[in-house]
Amino acid sequence: MTTTQLVQQIRQKKSFLCIGLDVDLTKIPQHLLALEDPIFEFNKAIIDATHDLCVSYKPNTAFYEAYGLKGWQSLQKTINYLNENHPEIFTIADAKRGDIGNTSTMYAKAFLEDLNFDSVTVAPYMGKDSVEPFLAFENKHTIMLALTSNEGAFDFQTKNVEGEELYKTVIKTSKTWKNSQNLMYVVGATKAEYFAEIRNIVPNSFFLVPGVGAQGGSLSDVCQHGMNEEVGLLINSSRAIIYASNGIDFAQKAREEALKLQQEMAEIMKF
């Protein structure tokens with residue numbers, strides 16, 4: 001998927017909502033556990049109830065890898081369902097991979113070629129030769145960790161190194177890598193005060209923004225400091241939407257929560 005196609009979806013749906021499909025079998029409705037593939041059935045119900053309100057889905061691969069082969073099969077069925085039924089929706093493999101060249105190439109092939117996600121998240125700690133293999137795929141996107149929403153982000157990311165905070169150096173350096181036009185960046189919603197400075201460094205890039213909702217991030221603050229002319233934001237919400245109910249009505253309740261965010265986004269996009 002191209003960035004132009006993603007922007008078209010955002011404008012059409014008046015939404016820049018990304019829904020995280022982080023499936024925990026201890027939290028999903030109990031009646032689903034009797035089914036052959038409860039993870040996929042849960043995802044399918046959430047997708048069917050919310051696909052018109054969001055522009056992206058983001059399965060965190062850890063929630064599938066934890067269940068071994070069956071979990072991986074559930075992930076594959078989920079991405080196949082999305083690609084077959086909603087090819088206009090931007091898909092993110094939240095895998096946070098990052099290793100030396102040959103290994104990164106294989107990670108990239110796994111998510112961008114075999115599973116056919118539109119994008120994958122990566123960790124840049126090992127530098128360009130760990131990220132550039134992901135960037136080589138045409139019309140695919142690499143979403144690089146830039147400034148995250150967790151408490152440990154302050155251990156390294158905001159440290160001053162030779163007169164500049166490390167996360168800024170990382171973002172600036174990433175712009176010099178081959179095919180850097182395929183980069184997007186993870187910027188946590190709980191760090192809203194940093195958005196304006198990051199936007200100055202990468203004015204045209206998309207930001208994947210976790211942390212709105214259960215983690216306490218403010219949608220209005222993020223948009224005030226981080227939005228560009230093409231919106232340039234994918235606001236992720238996971239638990240607040242998919243676990244809005246653990247009863248028979250879970251999909252409807254998920255839709256209601258997604259609708260609240262979509263309507264708030266539509267209001268913001270008017271200005």
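Colour by secondary structure: the protein chain shows 12 helices and 10 strands, where helices (H or I, at least four residues) and strands (E, at least two) are DSSP runs numbered from the N terminus. This is a predicted model, in which local features need pLDDT of at least 70 and side-chain atom pairs count only at pLDDT 80 or more, while totals for chains, interfaces and linings use all residues. Residues are numbered from 1 along each chain as its sequence is written, and side-chain values use heavy atoms, with hydrogens and water left out.

Now zoom out. The C-alpha trace spans about 55 × 45 × 35 Å along its principal axes. Of the 271 residues, 53% count as buried (under 20% relative accessible area, with a 1.4 Å probe and protein chains only).

Next, select Lys and Arg, then Asp and Glu; these are the side chains counted as positive and negative, with His and the chain ends not counted. There are 25 positive and 33 negative side chains, and the centres of the two sets lie 2 Å apart.

Which residues have the most contacts inside the largest nonpolar core? Select Ile19 and Leu233, in a core of 85 residues. Such a core is a set of buried Ala, Val, Leu, Ile, Met, Phe, Trp, Tyr and Cys residues joined through side-chain atoms within 4.5 Å. Then select residues 250-269: this is helix α12, which gives the most to this core, with 7 residues.

Finally, stay on Leu233 and show its surroundings. Not counting residues up to four places away in sequence, Leu233 touches residues including Ile10, Phe16, Phe195, Arg199 and Met227 (contact means heavy atoms within 4.5 Å).

Notes. Buried < 20%, exposed > 50% of the residue type's maximum accessible area, 1.4 Å probe, protein only. Charge placed at Lys NZ, Arg CZ, Asp CG, Glu CD.
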